[in-house]
Amino acid sequence: MGMTITEKILAAHTEKDFVEPGEIIDAKIDLVLANDITAPLSIEEFEKAGAKKVFDPEKVVFVLDHFTPNKDVISAGNCKRIREFSKAYGISHCYEGGECGIEHALLPEQGLVVPGDVVIGADSHTCTYGAVGAFSTGMGSTDITYGMVMGRIWFKVPESIKFNCFGNWQKWVTGKDLILHIIGMIGVDGALYAAMEFSGEAITALSMDSRFAIANMAIEAGGKNGIFEVDEKTLAFIAGRGKRPHTIYRSDKDASYKEVHEIDVTGIGLKVACPSLPSNVKDVGELGNVAIDQVVIGSCTNGRMEDLEAAAQILKGKRVAKDVRCIVIPATPTIYREALKRGFFEVFLDAGCIISPPTCGPCLGGHMGILAKGERAVATTNRNFIGRMGHTESEVYLSGAAVAAASAIKGRIAHPDEVM
Amino acid sequence: MILKGRVWKFGDNIDTDIIIPAQYLAHTDPKVLGEHCMEPLRPGFNKEVRQGDIIVGGLNFGCGSSREHAPIAISALGIPLVIAKTFARIFYRNAFNKGLALLEADIIDLVDEGEEIEVDISSGTIKCNKKVVEAKPIPPFMEELINHGGLVKYLKKKLEEQNERI
């Protein structure tokens, strides 16, 4: 019997020729990640275990992106602790200050994740790296401690669900709309414990940025990982970045899937996930008059060039509606610089947007754009749970960048065609 | 081990932002995390709950972020066990790693809020007022981890073995 990409990567990291769903394996890992929220707990457990070193200082990465620039004294203390730990154990990939970007945009951009890798991170959106053909998944701080010390971790080999996508993309529609469509279709536990494999001509047609957005939200369907086959676009992305040699895996024709979904993207329009679950998905046109107080364009889902470009196209020569705050958060310093060079900042500033340094910030209600009681936001982020961006009685609608930008102009949830 | 405790009922898809909102994540002190446990749904939950109480949930309990602060917050209130129809996978690993017991069983419609239930953790037998239910067995690998006293103790033992070899 054949294997899927996910199974092949896991088998290769377990020194086995074959693994199958349900099997518990002890796999070698290529990279371990934690951030300013999760690393402090990992460090505590590291000390409790009496560990003296990490398995490979080059393969442990800390990104201080959630509550930074430090939002308060406790957050500053957490970052200080991680900085000191990094120095003590020779961890060179500790990103903060002007080198810091949102972890799941930063790691692929810096070439720290390559095709065929196994990556674990103490952040649920670690599944993002499936876009480059790596197996990556989120875990808690204690599992990360184990990985940091041993360079291995246990997994249950997941069943795979295939999403075969064909047809032609409508204008403005991106990977975000596809993944919202899929989560709306299968639910927030529709892929529980499973690998979500995305393939087909419509996927080949997508940009890397869109693929990152899709893999990023696999967790919102309960998925263990999202994964894509490596193609020319992946190789072009990796070229000149990859810090280590890569291996390309493809699913066998006779690989076994728990489910196969055939999706014609031609019929997929711009989507919005309404409060308070990412599966509560509607077409933009279905919504009627939903007034908003804030727009956030950023995050590990949609803070990349493709997103900023769409927002700039729509906001050019327009103004953000009175009483609406539109916060633009380029995901990494490189994206920030590129947006600046291409004149997007001029467009955003002329439109009345706020430009934030790279941070997870408002996405998880940390800082840099918290909602008051009764306020409502449209965000290109990944979760709209109760109280996610602030007060328990505030609301978040999830969308792609085009809808977010159009909504900022109209002061209500809007389709880009209404302003272009 | 037999546990007896009052039931607190929660629904489907109880996410980690409900279990412990992100604004408190800079804290690592279990006491502080416990004070804000379930705050968005039940403000003051920490004051109502008693040592030994049991949380009962529906589908996909613990979905959302990877924050280990979630099982820590629940345990900090003296809650030893969560029973739910299904659990999100990261929460499942985290809970076992932090010593919070989980059982998969569909009892949410069988129990009343505040009802005292008796649970045999090892066998998975749950005695509710209306019915006795058998939970899905804990996977053998997880049981082995529990027998080692959790992942960190398991790691400590492995490191000690390595040192002895050197």
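This is a predicted model: local features need pLDDT of at least 70, side-chain atom pairs count only at pLDDT 80 or more; totals for chains, interfaces and linings use all residues.
Reader: What radius of gyration does chain A have, and why does it agree with a compact globule?
Author: Good one! A compact globule with 420 residues would have a radius of gyration near 22 Å. The value for chain A agrees with that, so the comparison fits a compact globule. That value is 20 Å.

Reader: What share of the residues in chain A is buried?
Author: Here a residue is buried if 20 or more other C-beta atoms lie within 10 Å of its own. Out of the 420 residues in chain A, the buried share is 62%.

Reader: Which domains is chain A divided into, and how many Å separate their centres?
Author: Chain A is divided into domain 1 (5–264) and domain 2 (271–418). Taken over C-alpha atoms, their centres are separated by 24 Å.

Reader: Which element gives the largest share of the side of domain 1 that touches domain 2?
Author: Let's look at the contacts between the domains: 36 residues of domain 1 of chain A are in contact with 35 residues of domain 2 of chain A. On the domain 1 side, the elements giving two or more residues are α4 (103–109), α6 (175–186) and α8 (208–216) of chain A. The largest share is six residues, and it comes from α6(A).

Reader: How many nonpolar, polar and charged residues does that side of domain 1 have?
Author: We are still on the side of domain 1 of chain A that touches domain 2 of chain A. By class, its residues are 13 nonpolar, 14 polar and nine charged.

Key. Residues are numbered from 1 along each chain as its sequence is written. Chains are lettered from A and ligands numbered from 1 in the order in which they are written. The radius of gyration is taken over C-alpha atoms; the globule rule is 2.2 Å times the number of residues to the power 0.38. A residue is buried if 20 or more other C-beta atoms lie within 10 Å of its own, exposed if 12 or fewer, and partly exposed in between; C-beta atoms are placed from the backbone. Domain bounds come from an automatic or database domain assignment. Two residues are in contact if their C-beta atoms, placed from the backbone, lie within 7 Å. Helices (H or I, at least four residues) and strands (E, at least two) are DSSP runs, numbered from the N terminus. Ala, Val, Leu, Ile, Met, Phe, Trp, Tyr, Cys and Pro count as nonpolar, Asp, Glu, Lys and Arg as charged, and the others, Gly among them, as polar.
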